[in-house]
Amino acid sequence: MLGLRSQGWKFAVVVTTLWVVAGCASKGVNRAPVEDRGTSVGRPAATIASDAPVKPPVGIENAGKPGYYTVKPGDTLIRIGLDTGQNWRDIVRWNNIENPNLIEVGQVVRVVPPVGVAQESVAVVRPVPQSSATPASGTPTQAASAAKPTPAPAAAPTAASTGEDDVAWIWPTNGNLIAGFDEVKNKGLDIGGKVGEPILAAGDGRVVYAGAGLRGYGNLIILKHNNTFLTAYAHNQTLLVKEDQTVRKGQKIAEMGNSDADRVKLHFEIRRQGKPVDPAQYLPSR
């Protein structure tokens, strides 16, 4: 009797074990797919998980057309804007992107204004000179409405003159040049200095980005000067301006630092229609 009872107990254990294993396997088969999209403004776009349903990327019908950009792994809206010479907020608006934190690899976005939609104006309002003259009655003249603005002096021509989109550039800091422009290894100039030294706007413009959302640049400021030129100021310790703020040439916009860098320095880029160009060909000689 004891032998039969022992065998019966063992049989019950085996049946129970098989039932538990079968239940776990069933749960594994019915597991819901996971999709990790990431965030596009400050973090790279993510590839859709392999077990998710295959859907055509948004805007795929425009792939390869002029004025459109196909999102690649690691892209963010900030980087797309920098590489195409646009404000990332304009890209959001032109594409009716409801959530700028969600873009997908393979998605195609418009990077030029739609027909009939004006590009962001970056004109800087210059002060109107005040007149010291007074009328016969002795009351002060309303110079803001009566005086004609004095034409600004023409900027000295540079090796890279671009007509109506010329910018009267200045150096953003007075430090020593520690690395020059290289199309492959360095997309701008690296300028040394001390922590806290002032970083100046290299020309009149508007802040289109201020933050630390672009990997490899640390605390970054991007200025849009006109429809041709952007400048980038990277590795700052402190940012002193905000997005959409208008700045003047020579205005202090940041303080030098070493954020996301191996030493204290400013990494400075000039982008012409999104393409990095050698700043030394645009800046005045020292």
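Which residue stands opposite N236 in β10? In this predicted model, the residue that stands opposite N236 in β10 is M256. Residues are numbered from 1 along each chain as its sequence is written, and side-chain values use heavy atoms, with hydrogens and water left out. Because the model is predicted, local features need pLDDT of at least 70 and side-chain atom pairs count only at pLDDT 80 or more, whereas totals for chains, interfaces and linings use all residues.

**Strand pairing around β10**

- Helices (H or I, at least four residues) and strands (E, at least two) are DSSP runs numbered from the N terminus, and two strands pair if DSSP finds at least two bridges between them.
- Strand β10 (residues 252-256) pairs with strand β5 (residues 198-200) in the antiparallel sense, over three bridges, and I199 stands opposite A254 of β10.
- Strand β8 (residues 229-239) also runs antiparallel to β10, and three bridges join them.

**Aromatic contacts**

- Rings of Phe, Tyr and Trp (its six-membered ring) pair if their centres lie within 6.5 Å, with planes under 30 degrees apart counted as stacked, over 60 as edge-to-face and the rest as tilted.
- Searching the whole structure gives four aromatic pairs, and one of them is the edge-to-face pair of W169 and F229, at 5.5 Å centre to centre and 85° between the planes.
- W169 lies in the loop between α4 (143-146) and β3 (177-179) while F229 is in strand β8, so this pair ties together parts that are 60 residues apart in sequence.
- W169 and Y282 have ring centres 6.5 Å apart and planes at 85°, so this pair is edge-to-face.
- Y282 lies in the segment after β12 (275-277) and W169 in the loop between α4 and β3, so their pair ties together parts that are 113 residues apart in sequence.
- W169 and F229 are both buried, as are W169 and Y282, where buried means under 20% relative accessible area, exposed over 50% and partly exposed in between (1.4 Å probe, protein chains only).
- One aromatic cluster is formed by W169, F229 and Y282.
- The charged end of R286 sits over the ring of W171, 3.8 Å from its centre; a charge counts in this way if NZ of Lys or CZ of Arg is within 6 Å of the ring centre and within 35 degrees of the ring normal.

**Cavity and pocket**

- On a 1 Å grid over the protein atoms alone, a cavity is a set of points where a 1.4 Å probe fits but cannot get out, a pocket is an open set with protein on both sides within 12 Å along at least five of seven lines, and lining residues have an atom within 4 Å of a point.
- There is one cavity of 30 Å³ or more, and the largest cavity has a volume of about 40 Å³.
- The lining of the largest cavity includes I78, W88, V208 and I222, and the elements that give two or more residues to this lining are α2 (77-84) and β6 (205-211).
- The largest share of that lining, three residues, comes from α2.
- The second largest pocket has a volume of about 320 Å³ and is lined by 17 residues, of which V58, N95, I97, L102 and Q107 lie nearest its centre.

**The loop with P56**

- P56 is found in the loop between α1 (2-29) and β1 (68-70), and P56 is exposed, with a relative accessible area of 66%.
- P56 and G106 are 50 residues apart in sequence and 8.6 Å apart in space, C-alpha to C-alpha.

How values were computed: Grid points are joined across faces, edges and corners, and a volume is the space filled by probe spheres set on the points.
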